[in-house]
Amino acid sequence: MKLLLISLQSNAYVTGLKYIAANVRANAHDVRILLLSGYLESTIHPEIEKFIRDYNPDLIGIGLMSIEFYPAKNLTRLLHEKFQIPIIWGGVHAVIRADECIKYADYVCRGEGERQVVALLEHLRDKGKDTAPDIPNIWVRHNGIVIKTQAGLPEIDLDSLPFQEYLPDYYYVFHNNKIYNFALNPHLFRRSALYGGTCHMMITTRGCPFSCGYCANSSLATIYGRKVRARSVENCMEELKAVKKDPYVLYINFEDDCFFVHDKEWIKKFCEEYKKYINLPFMVRAIPTLLDMEKLLMLKKAGLSWVILGVQSGSNSVNFKIYGRTIPFSSVMRAVELTLEAKAVPYCEMIVDNPYETEEDMMESIDAMSGIKKPYTTSLAHLTFYPGTPLTERALKDKIVDPEAYLYRYMIEIDSTYFNKLLNITPYIPRFIVRYLNRPEAVRKRLHIFLTNMLHFLVRRTIEPVVYMFLIARSLDYNPNWIIRTIEGNWRSAVSKFVSNYLGKNDLKYGKKLTAMRKSMPALFEKD
Ligand code: B12
């Protein structure tokens, strides 16, 4: 049987689809992945149509996050018009909004997809598409009736799943009106992937021990449960050894919600083997309260470069009362200090544009951030109200949020406000300047606004990129070989950092397109 997996995502890292593809192949079926970044047209391009006709898949799978909902709805309609091939949707949005998704797709995978997709392919082979399958977590729209099958358990033994490849030879992209194979055109992969495609995105656990009020994980936990499931060190090494063969992979980006959920024994063994077999710089994410010096030092020895810390706000009351996150700011300060002491670089992720935040909260947050040990860097994300989270429930009840906003807006697209600009530059300017500018609207003078705008403009184009380069060097222990390779591999990202903030630039373009299409294709955006 043949499966075509499609992603509409704006960049080429498609972990979930690669996992599904690997398992489909391990079960002796054929698979291709096609990246149709931001495809939101009123017709199917002839090259895409030809690609699908030539491959002639038995099933088409579309993976989506919420931001890809309308593009997925559009593409599904176009595919249904042209082909008789059944379509299954999966991914985070299909898991949290299965009720909505099953209106458009023939099947929806309401959970992990590796085994479910194989079971569906085998059902189609043995019984055909006119018989409704009975597979846990696969919802079916059959003769106009929706069949919600029973919930299946998440995969407990992650080691039993074949792991994803870095750049599989069955991965294709639609680019400049043509379809290319990524493996044969690696320069296209590097253009389409974050960080110039220099890192391998990898996940060693599934699940998060926390249940923050704003996070999609709190709704995902209702399906997957709260238990964090971990892969063995051996299994992770097997994936990494295969990835390391690719000369373009310069570092490993561990995407686990918190790498520090692994116990000391696991980390010790991981570090020994990583150093021995992989020896590439890597970055991890961490919940500040779970950071631990012993683990940090072991990881640093193995090549840890950046620690991405979930901070969200510098105000305890915002974290505790609005985000349901009992992580005091003192533990953030400690986590930053420990990270620096271990000679890794702290990268603080924060949430802004929160309608529940008062001016006092924002000032408290900025003041707190200006007091933590430097050097560190931050990224700001727009508070997005994902369905099913406690904060969204509250905001819907309070009628302060457009219930559909999360389908249009990327988290990286933040409001251009006074406080956001100040928070953005806080890591790079002295505390006394931050304090001078950190004042409420009522007492803000033209001079403060002018200075903040000017500093924001200058700092983001001069100091920030320089500090960023310094942080890259520091994170790599000033190892000239690694620094040159990183800058060389990352030149597109690194150089454009001098001009503007590079991360997710494609997402911004995509976001604008989505807003424009809302005007030119109003029918697509109507509720069915
Ligand atoms: C790694 C990651 C990324 C990576 C790679 C994404 C990817 N597609 O692999 C990158 C950096 C590209 C990324 C970007 C963004 N991300 Co992200 N990301 C994650 C993260 C941390 C892990 C995802 C992962 O690898 N999981 C492991 C795999 C195995 O699980 P999975 O992806 O869910 O896939 C399984 C099932 O969903 C299912 N499945 C998936 N696809 C399909 C398709 C079919 C056909 C089927 C049947 C099944 C199926 O089977 C898979 C295997 O079991 C999650 C957090 C999380 N806990 O999920 C956030 C998360 C998915 N990201 C999120 C967001 C919002 C974004 C951004 C929109 C942020 C932004 N820039 O504004 C961008 C969007 C990028 C874009 N459109 O280009 C949100 C999504 C919320 C939502 N409701 O949409 C999450 C949940 C984070 C959060 N807690 O809020 N992200």
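Modeller: Happy to! Let's begin with helix α3, which is mostly covered, with 10 of its 14 residues buried. Please keep in mind that this is a predicted model. The buried residues of α3 are Phe69, Tyr70, Pro71, Ala72, Lys73, Asn74, Leu75, Thr76, Leu78 and Leu79. The helix runs over residues 69–82, and at 1.5 Å a residue its 14 residues should span 20 Å; the C-alpha atoms at its ends are 20 Å apart, so the expectation and the model agree.

Phe69 and Tyr70 belong to one aromatic cluster, together with Trp89, Tyr104, Tyr408 and Phe525.

From that cluster we can turn to aromatic rings in general. A search of the whole structure finds 28 aromatic pairs. One of them is formed by Tyr13 and Phe189, whose ring centres are 6.0 Å apart and whose planes meet at 85°, so this pair is edge-to-face. Tyr13 sits in the loop between β1 (2–7) and α1 (15–26), while Phe189 sits in helix α7 (residues 186–192), so the pair ties together parts that lie 176 residues apart in sequence. Both Tyr13 and Phe189 are buried. Phe270 and Phe282 make another edge-to-face pair, with 6.1 Å from centre to centre and 85° between the planes. Here the link runs from Phe270 in helix α10 (residues 264–278) to Phe282 in strand β14 (residues 282–286), 12 residues apart. Phe270 is buried, with a relative accessible area of 0%, and Phe282 also counts as buried at 0%.

Tyr55 is found in helix α2 (residues 46–55), and its relative accessibility of 4% counts as buried. The C-alpha atoms of Tyr55 and Arg32 are separated by 8.7 Å, although the two residues are 23 apart along the chain.

Next come the charged side chains, where the count comes to 26 salt bridges. Lys300 and Asp477 meet in one of them, at 3.1 Å from N to O. Lys300 is in helix α11 (residues 293–302) and Asp477 is in the loop between α19 (463–475) and α20 (480–489), so this bridge ties together parts 177 residues apart in sequence. Lys300 is buried, with a relative accessible area of 11%, whereas Asp477 counts as partly exposed at 43%.

In one, Glu359 pairs with Arg444, and the closest N and O atoms are 3.7 Å apart. This bridge links Glu359 in helix α14 (residues 359–370) with Arg444 in the loop between α17 (431–437) and α18, 85 residues apart. Glu359 counts as partly exposed at 25% relative accessibility, while Arg444 is buried at 17%. In the other, the side chains of Arg431 and Asp367 meet at 3.5 Å, N to O. That pair joins Arg431 in helix α17 to Asp367 in helix α14, 64 residues apart. Both partners are partly exposed: Arg431 has a relative accessibility of 32%, and Asp367 has 24%. Salt bridges can also share partners, and in this way Glu112, Glu114, Arg206 and Arg229 are joined into one network.

Now for the surface. Tyr436, Leu447, Phe450, Met454, Phe457 and Leu458 form a nonpolar patch there, with about 580 Å² of accessible area together. Helix α18 (residues 446–461) gives the largest share of this patch, 5 residues. Leu447 has its place in α18 and is partly exposed, with a relative accessible area of 46%.

Last, the cysteines. A disulfide is a covalent bond between the sulfur atoms of two cysteines. How many disulfides does a search of the whole structure find? The search finds 0. Cys109, for instance, is in no disulfide, and the nearest cysteine sulfur, that of Cys101, is 11 Å away. Cys109 is buried, with a relative accessible area of 3%. The sulfur of Cys215 has its closest cysteine sulfur in Cys212, but the distance is 6.3 Å, too far for a bond. Cys215 is partly exposed, at 23% relative accessible area.

Notes. Residues numbered from 1 in each chain as written. Predicted model: local features only at pLDDT ≥ 70, side-chain atom pairs only at ≥ 80, totals over all residues. Heavy atoms only, no water. Helix = DSSP H or I, 4+ residues; strand = E, 2+ residues; numbered from the N terminus. Expected span 1.5 Å × (residues − 1). Buried < 20%, exposed > 50% of the residue type's maximum accessible area, 1.4 Å probe, protein only. Patch = residues over 30% accessible without salt bridge, like charges linked within 9 Å, V, L, I, M, F, W, Y side chains within 5 Å. Areas by Shrake-Rupley, 256 points an atom, 1.4 Å probe, with all protein chains shown as cover. Salt bridge = Lys/Arg side-chain N within 4 Å of Asp/Glu carboxyl O. Disulfide = S-S within 2.5 Å. Phe/Tyr/Trp six-rings, centres within 6.5 Å; stacked < 30°, edge-to-face > 60°.
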